[in-house]
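Student: Hey, can you help me get my head around this protein? I've got it open on my screen.

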Amino acid sequence: MSQQKTRSLFHLFDRFAGAATQQAGSPVAFALAVFVVAAWAITGPMFGYSETWQLVINTGTTIVTFLMVFLIQQSQNKDSIAVHLKLNELLASHREASNHLVAIEDLDEEELRQLVKFYRHLAELADEEGDVKCSHSIDEANENHAQKARARHARGNKPPAQDKRDAHSETSAVA
């Protein structure tokens, strides 16, 4: 199969999955499902609540559920990619935002844990500033913290070597 035909099939499936999941979540689809279940329940006495009668609803719902899983997953994957791209654009376009988070979805679990440490560190720095509403990128927060350490040193609160070690160890801990 040529690449053009493959792409065309993927495009058709994508459009079908989007339309199907849109319709599956509609009030009409819910009403139709309620009608089918009600009709099945009403016909129970006519079929003596037989195993075949039960098998009809079990088989029907299993097949519909099985197929819908793939359609919904396709739509979710597409939506997820679109959201990630929009967030990446926002991060890339904002000059003060940290680029550490662009394409974060491609990181493995250990790398995500390291980013959690980054943001815990960021929260600690904001807490030290006494303003939990203060927002900074990781790089900006580290620089702000270093500037404050230098200012404390200028006031004589801490030796400069200690401030540099503190700033370096905090940066290393999150990097």
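Student: What's the lining of the largest pocket like by class: how many nonpolar, polar and charged residues?

Tutor: The lining of the largest pocket has eleven nonpolar, three polar and no charged residues. Here Ala, Val, Leu, Ile, Met, Phe, Trp, Tyr, Cys and Pro count as nonpolar, Asp, Glu, Lys and Arg as charged, and the others, Gly among them, as polar. Bear in mind that this is a predicted model, where local features need pLDDT of at least 70, side-chain atom pairs count only at pLDDT 80 or more, and totals for chains, interfaces and linings use all residues. Residues are numbered from 1 along each chain as its sequence is written, and side-chain values use heavy atoms, with hydrogens and water left out.

Student: Ok, and what counts as a pocket?

Tutor: On a 1 Å grid over the protein atoms alone, a pocket is an open set of points where a 1.4 Å probe fits, with protein on both sides within 12 Å along at least five of seven lines; lining residues have an atom within 4 Å of a point.

Student: How much space lies in the largest one?

Tutor: About 450 Å³. The volume is the space filled by probe spheres set on the points, and grid points are joined across faces, edges and corners. Of the 14 lining residues, Ala29, Leu32, Ala33, Thr61 and Val64 are the closest to the centre.

Student: Which element gives the most to that lining?

Tutor: Helix 3, with seven residues. Helices are DSSP runs (H or I, at least four residues) and strands are too (E, at least two), numbered from the N terminus.

Student: How many helices and strands are there in the chain?

Tutor: Six helices and zero strands.

Student: Back to helix 3, what span should its residues have?

Tutor: At 1.5 Å a residue, its 43 residues should span 63 Å, and the end C-alpha atoms are 62 Å apart, which agrees. The expected span is 1.5 Å times one less than the number of residues.

Student: Which residues of helix 3 are buried?

Tutor: Trp53, Ile57, Met68, Leu71, Ser75 and Asn88. Buried means under 20% relative accessible area, exposed over 50%, partly exposed in between (1.4 Å probe, protein chains only).

Student: Why is Asn88 called buried?

Tutor: Because its relative accessible area is 14%. Asn88 touches Leu101, Val102, Ala103 and Glu105, leaving out residues up to four places away in sequence. Contact means heavy atoms within 4.5 Å.
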